[in-house]
Amino acid sequence: MGILCLVGIVIRVGFLFFASNLGLLADERHYVYSALAWERFGFYPDGARYLWPPGYPALIAWSLSSFGLQGLFVVKLIQTLASASIGLSTMVLAWRWFGDRAARVAGVLWCIYLPLIGFTHLLWTETLFLAFLLPPVVLVSGVMDGTDRASTARIVAAASLFAVACYLRDAALPLLALLAGGLWIARGESVRMEGFRRALLFVLVAAVLITPWSLRNFEVYGRWVPMGSTLGENVFRGVNGTYINFDLAPFYRRFFASETPLDRTRAWFVETNGRPDWERAFEIKNTPDRMEENAARGVRYALESPGWWVRSRVKKLADFVLPTSFFVRHAGLGMYENSPIGIDWVRRSLVIWAMLCPVLMLLVAVPGWALLLRTRKPSSYLALGLLGYFVATAIVVSMSRFRIPIVPLCLAVVSGSFVLRNRLGSEGSRFWIVVVSGWLLLAFLWWVDLPEALSIFEFAWRGGAL
């Protein structure tokens, strides 16, 4: 496992040096702006539309203060090295579920999975978020299966890492109940009392570490906001009449300002028949209160148009499995043009592989998930809960970026499909009904997003040239 982690890091460091001069795009600019305000003026400015957790801007601010103009590169290097945690966690999960060979297969897949590699040299939270979230998942899954010892020190360490993940993305907070519940029902002696002690310890440690920023939010906004508040803005963007595919949106702004998102999509899934959008509640000055009102407006909008809600949620799920990534998006915008990655034959080869990665992963993951559930290991239900949670978030607002948290889990189950491929033919008809149904669902969702996928591939093939 260690050798595969090293190979994966070497590959990622290579991409980092080749792509060291990338510009900033979308949320990257907001992270850097917040970090500069913190580093230069000593305060965290939050935002008018989001209350983001402070972890990532704090890291950037520290790096800029310590390394000057090279600070952004240092942040990318830190998260590149930290990605070893993702690779190791993926291999441990595969080993726990399917054995030694599966762990090696999962390690190789992690090494070459280009959408994951692409995030290590961008200023987005995904890499560090997973680097801190997955080790607690590994520990809890081991305790649930009875293969790991749930010592106090290990639970404290896992809860601390989980709290750091919450400081990076507030989407982790609901998972506290899932992980604590896994510790509670885990195998062992005196299950009820010992499991309760473990779960309570995990919750208390995480709460103690999350509370300081929650108190800061209470002082600033007069509301108890545990870490951040982003739901209201996500509801505005995802539960509204104007459809936006966020993987394709930058291309409209750069190349086709006269087009609308409906010009390159199957409009039936998102059309509102002329019903106007609802507007953000900017008349409410307190940001958490405004977020709450935005979410309420989105719920009312959906309830008043149930047919549109169902059709548009199908589109969100299609966007979730859209076979693209930020690496492909950057290639299509010409952001690699001054690096070796931007050479035509290199870029095109990498784009093809980057778009094949999610297609192959999701196809092979379907029987992998079915095999994992047939093992009836307690940790398989924890993994299914994590999968369900991140898929559910995509029903609100979706893009390929939101698929990243499930990639390590999918790579782990894909390794099971490879290792146990000889068993697949002996599985019963009910197993294959589930698998074929999953493949048909994926095929349908890919068909829904086929116009966007072809457009993105066309832009990436050209490399930003019209």
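**Exercise 1. Where does A26 lie, in which loop?**

Some ground rules come with the solution. The model is predicted: local features need pLDDT of at least 70, side-chain atom pairs count only at pLDDT 80 or more, and totals for chains, interfaces and linings use all residues. Residues are numbered from 1 along each chain as its sequence is written, and side-chain values use heavy atoms, with hydrogens and water left out.

Step 1. Find the flanking helices. A26 sits in the loop between α1 (2-18) and α2 (27-41). Helices here are DSSP runs (H or I, at least four residues), as strands are (E, at least two), numbered from the N terminus.

Step 2. Check the backbone. A26 has a phi near 55 degrees, a positive value in a residue other than glycine.

Step 3. Check accessibility. A26 counts as partly exposed because its relative accessibility is 31%. The cut-offs: buried is under 20% relative accessible area, exposed is over 50%, and partly exposed is in between (1.4 Å probe, protein chains only).

**Exercise 2. How many cavities of 30 Å³ or more does the structure hold, and what lines the largest cavity?**

Step 1. Count. There are 2 cavities of 30 Å³ or more. A cavity is a set of points on a 1 Å grid over the protein atoms alone where a 1.4 Å probe fits but cannot get out; lining residues have an atom within 4 Å of a point.

Step 2. Size the largest cavity. Its space is about 60 Å³. A volume is the space filled by probe spheres set on the points, which are joined across faces, edges and corners.

Step 3. List the lining. It has 13 residues, and the closest to the centre are G238, N240, Y243, W308 and K316.

Step 4. Assign elements. α12 (231-238) and α15 (306-320) each give two or more residues. The largest share, 4 residues, comes from α15.

**Exercise 3. Which residues line the second largest cavity?**

Step 1. Size it. The second largest cavity has a volume of about 40 Å³.

Step 2. Name the lining: L130, L133, L134, V137, L386, F390, P405 and L409.

Step 3. Assign elements. α8 (126-145) and α18 each give two or more residues. α8 gives the most, with 4 residues.

Note on methods. 1 Å grid on protein atoms, 1.4 Å probe; cavity = no way out; pocket = protein on both sides within 12 Å on 5 of 7 lines; lining within 4 Å.
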